[in-house]
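Try each task before reading its solution.

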Amino acid sequence: MDALTAFGLFAVSAMLVCYACEDRTPWFIFAFAIACALGSVYGFLQGAWPFGLVEAIWSLVALRRWWKVFRRPEEMS
C-alpha cells in the first residue's frame with residue numbers, strides 16, 4: 001500500500017467513524033467536516049476530481065451543520 005492509498009483509507013475511515021458518532025457531541029460533526037476535507041484532498045491527489053469536488057462540498061455542508069448546532073446546542077436532539 002502506497003502513502004496516497006493509506007491517506008485515502010485514513011480519510012474515509014475517519015469519515016465513517018465521525019459520522020457514526022455525530023449524535024454524541026457537535027465536535028464529531030466538526031471532525032466529520034475535516035475528514036471530508038481530507039477525503040477531498042485525497043480525491044484531487046488521486047486524480048479523481050469529481051470525488052474531490054463532491055467531498056469538498058460535503059465538507060462545507062458539514063461545517064454549516066456544525067456551526068448551526070454549535071450555536072444552538074439544544075437543537076442537537
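**Exercise 1.** Is Phe-70 buried, partly exposed or exposed?

*Solution.* Keep in mind that this is a predicted model. Start with the relative accessible area of Phe-70, which is 38%. Buried means under 20% and exposed means over 50%, so Phe-70 is partly exposed.

**Exercise 2.** Find what surrounds Phe-32, and decide how accessible Phe-32 is.

*Solution.* First, locate Phe-32 in helix α2, residues 26-46. Next, look at its relative accessibility: at 4%, Phe-32 counts as buried. Then list the contacts, leaving out residues up to four places away in sequence: Phe-32 touches Met-15, Cys-18, Tyr-19, Glu-22, Trp-58, Ala-62 and Arg-65.

**Exercise 3.** Classify the ring pair of Tyr-19 and Phe-32.

*Solution.* A pair of aromatic rings is described by the distance of the centres and the angle of the planes. Here the centres of Tyr-19 and Phe-32 are 5.7 Å apart and the planes lie at 50°, so the pair is tilted. Now place the partners: Tyr-19 belongs to helix α1 (residues 3-20) and Phe-32 to helix α2, 13 residues apart. Tyr-19 is exposed, at 52% relative accessible area.

**Exercise 4.** How do α2 and α3 run relative to one another?

*Solution.* Begin with the axes of α2 and helix α3 (residues 49-71), which come within 7 Å and cross at roughly 165°. Angles over 145 degrees count as roughly antiparallel, so α2 is roughly antiparallel to α3. Finally, sort the contact of α2 with α3 by class: 20 nonpolar, five polar and two charged residues.

Notes: Residues are numbered from 1 along each chain as its sequence is written. This is a predicted model: local features need pLDDT of at least 70, side-chain atom pairs count only at pLDDT 80 or more; totals for chains, interfaces and linings use all residues. Side-chain values use heavy atoms; hydrogens and water are left out. Helices (H or I, at least four residues) and strands (E, at least two) are DSSP runs, numbered from the N terminus. Buried means under 20% relative accessible area, exposed over 50%, partly exposed in between (1.4 Å probe, protein chains only). Contact means heavy atoms within 4.5 Å. Axes are lines fitted to C-alpha atoms, for helices over the stretch in contact, and angles run from 0 to 180 degrees between N-to-C directions. Angles under 35 degrees count as roughly parallel, over 145 as roughly antiparallel, 65 to 115 as roughly perpendicular and the rest as oblique. Ala, Val, Leu, Ile, Met, Phe, Trp, Tyr, Cys and Pro count as nonpolar, Asp, Glu, Lys and Arg as charged, and the others, Gly among them, as polar. Rings of Phe, Tyr and Trp (its six-membered ring) pair if their centres lie within 6.5 Å; planes under 30 degrees apart count as stacked, over 60 as edge-to-face and the rest as tilted.
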